[in-house]
Amino acid sequence: MKIFVLVKEVPDTYGDRKLNLETGLADRGAGDVVLDEITERALEVALSHADKNEGTEVVAVAMAPGGSTASVRRALAIGAGSAVHIADEHLAGADLGLTAETLAAAIRRGEPDLVITGNLSTDGSGGVMAAMLAEHLGWAQATALTSVEISSDGITGTRGADAGAQPISASLPAVISITEALPDARFPNFKGIMAAKKKPLEVLTLDDLGVSADPAAAPRTIMTSVAEKPPRAAGVKIIDEGDAAAKLVEYLVQNRLV
């Protein structure tokens, strides 16, 4: 079995994150960048299955700037057998549509049996990539899983729901996304870090995948403006002079909060 795991480089969640007001993109030069924790958990799901099933091939796939090799190598150090790094200057600022089209092309090229993603990245927070990939590929999808079991012909798992846990099953090939209910990723040890330097890492461009970033080729999302979040204004203070309750109700009504 071949499993593709989508990993993503994001600004460190423990640092300050800022937007570049010229591009509208996260300013990656403003602090450290790391592999998104949820994608590391997705990698752990694949590696846990590989540990118990000899012959399972785990491939990390990243769409990231050319300077992101260290982050991709971390996925190899954690345990992926090989990696695919999609790096192309025309992908800067790619919207979800172009991202999904590009990743789907890489998946078709690699012909995996299963694709595992995180349910929600910590930078864009789109939460729709797994579903978009499944649509492009014509595969089954199972999203936001809180548990998952992988077999030779399908997956089973559970998804959290308002009334409890919803059982999910799908036949392969499939795209699944997992939540933070799944275990943390294993920590790369010295042996894994050294081995990562020798593991295959293929770098692909849009030309390699036959994908065009030209907006004329397919409609793309257009950002019309971007601005810093305004500073928080002072709150309204109500002094109780025997009529505080009435003033509070009036405030709630005026602001359509009741």
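User: In which sense do strand 8 and strand 9 pair, and over how many bridges?

Analyst: Strand 8 (residues 154-161) pairs with strand 9 in the antiparallel sense, over eight bridges. This is a predicted model. The two strands form a hairpin, with two residues between them.

User: Where do the side chains of a strand point?

Analyst: In a regular strand they alternate between the two faces of the sheet. For a case with parallel pairing, take strand 4 and strand 5 (residues 82-86), which are joined over five bridges. There V61 stands opposite V84 in strand 5.

User: What is the strand order of the open sheet?

Analyst: The order of its nine strands is 9-8-7-10-6-1-4-5-11, and the pairing is mixed. Strand 9 and strand 11 (201-204) are the edges, each pairing on one side only. On average, neighbouring strands are turned by 35° against each other, direction ignored.

User: Which strands do helix 2 and helix 3 lie across?

Analyst: Helix 2 lies across strand 4, strand 5 and strand 11, and runs at about 155° to strand 5. Helix 3 (residues 96-110) lies across strand 1, strand 4, strand 5, strand 6 and strand 11, at about 160° to strand 1.

User: How is the packing of two helices described?

Analyst: By the angle between their axes and the distance between those axes. For helix 1 and helix 2 the angle is about 30° and the axes are 10 Å apart. The crossing is right-handed. Helix 1 contributes E40, L43 and L47 to the contact, and helix 2 contributes R74, A75 and I78. By class, that contact has four nonpolar residues, two charged and no polar ones.

User: Is I116 buried or exposed, and what does it touch?

Analyst: I116, in strand 6, counts as buried because its relative accessible area is 0%, where buried means under 20%. Leaving aside residues up to four places away in sequence, I116 touches I3, F4, V5, L6, A42, V45, A46, I150, I176 and I178. Sequence distance and spatial distance can also be set side by side: I116 and A174 are 58 residues apart in sequence but 8.7 Å apart in space, C-alpha to C-alpha.

User: Which peptide bond is cis?

Analyst: The bond from L172 to P173 is cis, with omega near 0°. P173 is in the loop between strand 9 and strand 10.

User: What is the phi of A144 and of R256, and where do these residues lie?

Analyst: A144 has a positive phi of about 55° although it is not a glycine, and A144 lies in strand 7. R256, also not a glycine, has a positive phi of about 55°, and R256 is in the segment after helix 7 (244-254). As for accessibility, A144 is partly exposed, with a relative accessible area of 26%. R256 is exposed, at 77%.

Terms used. Residues numbered from 1 in each chain as written. Predicted model: local features only at pLDDT ≥ 70, side-chain atom pairs only at ≥ 80, totals over all residues. Heavy atoms only, no water. Pairing = 2+ DSSP bridges. Helix = DSSP H or I, 4+ residues; strand = E, 2+ residues; numbered from the N terminus. Axes fitted to C-alpha atoms, helices over the stretch in contact; angles between N-to-C directions. Contact = heavy atoms within 4.5 Å. Buried < 20%, exposed > 50% of the residue type's maximum accessible area, 1.4 Å probe, protein only. Left-handed = near helix turned anticlockwise from the far one by under 90°. Nonpolar A, V, L, I, M, F, W, Y, C, P; charged D, E, K, R; others polar.
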